[in-house]
Amino acid sequence: MSIKNNLNNITRTIPENVTLIAVSKTQPAASVLEAYQAGQRAFGENKIQEMVEKFDILPKDIEWHMIGHLQSNKVKYMAHFVHLIHGVDSFKTLQEINKQALKHNRSINCLLEIKIASEATKFGLSFAEAEELLKSEELKSLKNINIAGLMGMASFTDGQEIIRGEFKSLKYFFDSLQKYKSFNVNPAILSMGMSGDYEIAIEEGSTMIRVGSAIFGLRNYN
Ligand SMILES: *Cc1c(COP(=O)(O)O)cnc(C)c1O
């Protein structure tokens, strides 16, 4: 199957209110271009360096999504163009994003990453930590960020009911956040679902899915 066919098969089946992010990490720029020519505009990368390299050589109407865990010292390299940062899990990172966004006189959209999987290695805030952050006075000082919603990754398991339960809990938490709405907190995006579980994620209320291998084929690493 070609990239174009894979993309068509997915976009045909997902509801209109769900945004597809094509996860192009480790894929060559030529593959991104192939997806672009098939009409795809939103791409996700998990390494800042790799995203910057692709941004530099690819069409400028691509929306670049940073979906990986962030190293604060590298935020500056993408601050002028990144469309949405999915994996924010500390106030310190938000501060750094705010500082770099200010330098470019823009506001950067961020999602708080929530740990819903049971694996010990996954990044993310607990529900309680996220609420703490959203309630904090210090958050009000960050004028150049917008918390646009939440991101989560389900456990790596064949247990469909486990995955569904994790997505359900994230959606429930997401719905409870409207009370924190403010000038820089506007929860509208729920980023959950990957190649193996995006159908379940959509059933459970996802508005943004991050799909890599089902579009580009299997990766050698990551
Ligand atoms: C790699 C990755 C994806 C895409 O994974 P696939 O299983 O290839 O669809 C989605 N989200 C994050 C955070 C990733 O790192």
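Two strands are taken to pair if DSSP finds at least two bridges between them, and helices (H or I, at least four residues) and strands (E, at least two) are DSSP runs numbered from the N terminus. The structure is a predicted model, in which local features need pLDDT of at least 70 and side-chain atom pairs count only at pLDDT 80 or more, while totals for chains, interfaces and linings use all residues. Residues are numbered from 1 along each chain as its sequence is written, and side-chain values use heavy atoms, with hydrogens and water left out.

On these terms, S6 and S7 pair in the parallel sense through five bridges, and within this pairing Gly149 has Ile189 of S7 as its bridge partner. The chain passes from S6 to S7 by way of helix H6 (residues 160-175), in a β-α-β crossover that is right-handed; that is, with the strands pointing away from the viewer, the path from the first strand over the helix to the second runs clockwise. Strand S7 (residues 185-192) is itself mostly covered, since six of its eight residues are buried, where buried denotes under 20% relative accessible area, exposed over 50% and partly exposed in between (1.4 Å probe, protein chains only).

Strand S2 (residues 42-45) is parallel to strand S3 (residues 63-66), with four bridges between them, and Gly44 is placed opposite His65 in S3. S3 is also joined by two bridges to strand S4 (residues 84-88), again in the parallel sense, with Met66 opposite Ile85 in S4.

The ligand is surrounded by twelve residues, among them Val23, Lys25, Met151, Ser195, Gly212 and Arg219, a residue being counted if one of its heavy atoms lies within 4 Å. By class, this shell holds six nonpolar, three polar and three charged residues; Ala, Val, Leu, Ile, Met, Phe, Trp, Tyr, Cys and Pro count as nonpolar, Asp, Glu, Lys and Arg as charged, and the others, Gly among them, as polar.

Polar contacts are pairs of N or O atoms within 3.5 Å. Ligand oxygen atoms lie 2.7 Å from a polar side-chain atom of Lys25, 2.5 Å from one of Ser195 and 2.8 Å from a polar backbone atom of Gly212. Of the 390 Å² of accessible area that the ligand has on its own, the protein covers 89%, as given by the Shrake-Rupley method with a 1.4 Å probe. Strand S6 (145-153) and strand S8 (208-211) are the elements that contribute two or more residues to the shell.

Methods
A polar contact is a pair of N or O atoms within 3.5 Å; within protein, one must be able to donate a hydrogen and the other to accept it, and residues adjacent in sequence count only if both atoms are side-chain atoms.
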